[in-house]
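Visitor: I am new to this structure. Please take me through it in a few questions.

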Amino acid sequence: MRNMPVNMKKHINSVSKYGVVLLFALGTVFAYCHYFLNRAYVEVQVSTPIKTDFKMYWAGSNGQYSEKNMVRVAITPRIDRYTFFLTDLRKVKTLRVDPLARKGTVYLQDIKISQQGLPSIQLSGARGFAELI
C-alpha cells in the first residue's frame, strides 16, 4: 500500500469500512432470526402469595425432561404477568409446566405460546386448563 496512489488508498479504506458495517448488519439479522423468530414467545398470567420459580420444560430427543431443556422465571407476589422466550416449538413434541418450585399456592390464569409460522396455543380459565389433563 506504500506505493499506491492516494485516491486508491481512500477507496480501499472506504470499502473496508462498508465491509465491516455490512458484516455487522448481517450478524445482527442472523442473531435476530435465531433468537427471536426461531423461538416461542410465552405470555403467562400467574399470581402467588410467595416468591418462587415458574418453570416450563420440553422433552429432549429421548422423550425425557431435564434441567437442560427448561426455562425458569422468578415470580413474585406483586407481579402477575410474565413474558419469556422458549425453545423452537418445531422441535418439541411435549411441554411440561411446573408453576411452583416449592410448597405453596399459585393461581395460573392464562398461558399463551406463540411462534412465527405456527398456530398459537392459549389456555385460559378452568376449561382451557382442563384440556391438559
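Visitor: Leaving aside its neighbours within four places in sequence, which residues is L86 in contact with?

Guide: This is a predicted model. Contact here means heavy atoms within 4.5 Å. With neighbours within four places in sequence left aside, the contacts of L86 are R39, A40, V42, M56, W58, V71 and L95.

Visitor: Which residues touch the most other members of the largest nonpolar core?

Guide: That core has 19 residues. β1 (41–47), β2 (52–58), β3 (70–75), β4 (81–85) and β6 (107–114) each give at least two residues to this core. The members that touch the most others are V42, F84 and L86.

Visitor: In what order do the elements run from the N terminus on?

Guide: The protein has 2 helices and 7 strands. Read from the N terminus on, the order is α-β-β-β-β-β-β-β-α.

Visitor: Is L22 buried or exposed?

Guide: L22 belongs to helix α1, which covers residues 6–37. Its relative accessible area is 52%. Exposed means over 50%, so L22 counts as exposed.

Visitor: Which residues make the nonpolar surface patch of about 330 Å²?

Guide: In soluble globular proteins, nonpolar side chains tend to be buried together. Here, L22 is exposed. The patch of about 330 Å² is made by L22, L23 and L26.

Visitor: What share of the accessible surface of the protein belongs to carbon and sulfur atoms?

Guide: Buried residues are 26% of the 133 residues in the protein. The accessible surface comes to about 9,700 Å². Of this surface, the share belonging to carbon and sulfur atoms is 59%.

Definitions and conventions
Residues are numbered from 1 along each chain as its sequence is written. This is a predicted model: local features need pLDDT of at least 70, side-chain atom pairs count only at pLDDT 80 or more; totals for chains, interfaces and linings use all residues. Side-chain values use heavy atoms; hydrogens and water are left out. Patches are made of residues with over 30% relative accessible area and no salt bridge: like charges are joined within 9 Å, nonpolar side chains (Val, Leu, Ile, Met, Phe, Trp, Tyr) within 5 Å. Accessible areas come from the Shrake-Rupley method with a 1.4 Å probe; for residues, only the protein chains shown count as cover. A salt bridge is a side-chain nitrogen of Lys or Arg within 4 Å of a carboxyl oxygen of Asp or Glu. Helices (H or I, at least four residues) and strands (E, at least two) are DSSP runs, numbered from the N terminus. Buried means under 20% relative accessible area, exposed over 50%, partly exposed in between (1.4 Å probe, protein chains only). A nonpolar core is a set of buried Ala, Val, Leu, Ile, Met, Phe, Trp, Tyr and Cys residues joined through side-chain atoms within 4.5 Å.
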